[in-house]
Amino acid sequence: MENAKTESDPKFISIEGIARRYPAPGGGSTTIFEDLWLPVQRGEFVCIIGHSGCGKTSVLNILAGLEEPSDGVVVVDGQAISGPSLDRAVIFQGHALLPWKSVIGNVGYAVSSRWRKAGRAEVEERARRFIDLVGLKGNELKRPAELSGGMRQRVGIARALSIEPKILLMDEPFSALDALTRGTLQDEVRRICKSTGQTVVMITHDVDEAIYLADKIVLMTNGPEAMIAEVVENPLPMERARDSIHREENYYAVRNHLVDFLVSRSRTFKAEMPAGYDRRHPPVVRLGRPPEPAPAPANTIPFPVIASARD
Ligand SMILES: Nc1ncnc2c1ncn2[C@@H]1O[C@H](COP(=O)(O)OP(=O)(O)OP(=O)(O)O)[C@@H](O)[C@H]1O
């Protein structure tokens, strides 16, 4: 029941020139976004940030195979996406659980859809393993109506992870939760994804959530005709803890960079496009100290280094 995971693959997911257009009310069409290009490495945790309406959910739905792009293609592990697949699990904001099934029934249903020949005991053992993993041990027989919102979201996470998807897709999965539950679930998702080498694409509006979870943060300009402005490499160490993350070197540099983008550059980016900007290779921003630092005052703020995605 295990999928073999192989070593580094810089284009495990390859978004190649996708566009999304809808018919406009008075005729013609509205372009939500156009010509998006993005590679995602195997095992990478990528967050997409942008203002409401720039097309983040549409991008995720295209990755899930739930929507077709108006143009372009997405290739996953060498194969173009042509529809939904159990290789790509989606966790939505709502929980989308089967209300008549118990926790173990919901997770087990996904497991048996994935491994149709698996016996009942094997399915149950696997379902229990993932229920434990998300901290729901003891709640196996409860139905969704008997669970809190946070617990339901845990079931959704257990269900998605139990099928060992090649990609985990998450659309603001924690936004409806209270701050305490959100923090705990972020910790668990990060721990599980990092320990299993899960490739993740997640949408969030929350800058702090992105900094805590992501390896890379994709910044989208405002729609219509949204584009990928840049890809920010998270400069924080892989080992990071939510309660001390603000003390990490570069934490404020990356946070300020993201907030500055959302507050102003997401609007002005197109008018002030950097020279040499290439949609096929959106700029990669590496926040860090200069390579040859002169002895700097103790409070020097790290500055962004912009590199090409081809580096
Ligand atoms: N079926 C549709 N027909 C017409 N327009 C649509 C359709 N679906 C989405 N849109 C439009 O496409 C745009 C992008 O929607 P999408 O949900 O992908 O954005 P988003 O960035 O995820 O927004 P939010 O952050 O608010 O969820 C919106 O302006 C929306 O109105």
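Begin by selecting the ligand and the residues around it: Y22, I32, G50, S52, G53, C54, G55, K56, T57, S58 and G223. Here a residue counts as near a molecule if its C-beta atom, placed from the backbone, lies within 6 Å of it. The model is a predicted one, in which local features need pLDDT of at least 70 and side-chain atom pairs count only at pLDDT 80 or more, while totals for chains, interfaces and linings use all residues. Residue numbers start from 1 along each chain as its sequence is written.

**Helix α1**

Next, select helix α1 (residues 56–64), which supplies the largest share of the ligand shell, 3 residues. Helices (H or I, at least four residues) and strands (E, at least two) are DSSP runs, numbered from the N terminus. The helix is mostly covered, with 7 of its 9 residues buried; these are K56, S58, V59, L60, I62, L63 and A64. A residue is termed buried if 20 or more other C-beta atoms lie within 10 Å of its own, exposed if 12 or fewer, and partly exposed in between, with C-beta atoms placed from the backbone. Just after α1, inspect G65, whose phi is positive at about 85°.

**The antiparallel sheet**

Move to the open sheet of 4 strands, ordered β2-β1-β4-β5 with antiparallel pairing. Strands pair if DSSP finds at least two bridges between them. At the edges stand β2 (29–40) and β5 (79–80), each with a single partner strand, so one side of each lacks a neighbour in the sheet. Between strand β1 (residues 13–23) and strand β4 (residues 71–76), which run antiparallel, there are 5 bridges. To locate one of them, select E16, whose bridge partner in β4 is V73.

**Strand β7 and its partners**

Now select strand β7 (residues 167–171): 5 of its 5 residues are buried, so the strand is largely enclosed by the rest of the structure. I167, L169 and D171 point one way from β7, and L168 and M170 the other way. Strand β6 (residues 88–91) runs parallel to β7 and is joined to it by 4 bridges; V90 has L169 as its bridge partner in β7. Strand β8 (residues 199–203) is also parallel to β7, with 5 bridges between them, and M170 stands opposite M202 in β8.

**The nonpolar core**

Display the largest nonpolar core, 74 residues, in which V107, L169 and V201 touch the most other members. Such a core is a set of buried Ala, Val, Leu, Ile, Met, Phe, Trp, Tyr and Cys residues joined through C-beta atoms within 7 Å. It draws at least three residues from each of domain 1 (13–87 + 167–282) and domain 2 (95–164). Centre the view on V201: beyond its neighbours within four places in sequence, V201 is in contact with V40, V46, I48, L60, L63, I167 and L169. Contact requires C-beta atoms, placed from the backbone, to lie within 7 Å.

**The two domains**

Finally, colour the chain by domain, using bounds that come from an automatic or database domain assignment. The C-alpha centres of domain 1 and domain 2 are 27 Å apart. Across the boundary, 10 residues of domain 1 are in contact with 13 residues of domain 2. On the domain 1 side, helix α5 (residues 179–196) gives the largest share, 5 residues. By class, that side has 8 nonpolar, 1 polar and 1 charged residues.

Notes:
Two residues are in contact if their C-beta atoms, placed from the backbone, lie within 7 Å. Ala, Val, Leu, Ile, Met, Phe, Trp, Tyr, Cys and Pro count as nonpolar, Asp, Glu, Lys and Arg as charged, and the others, Gly among them, as polar.
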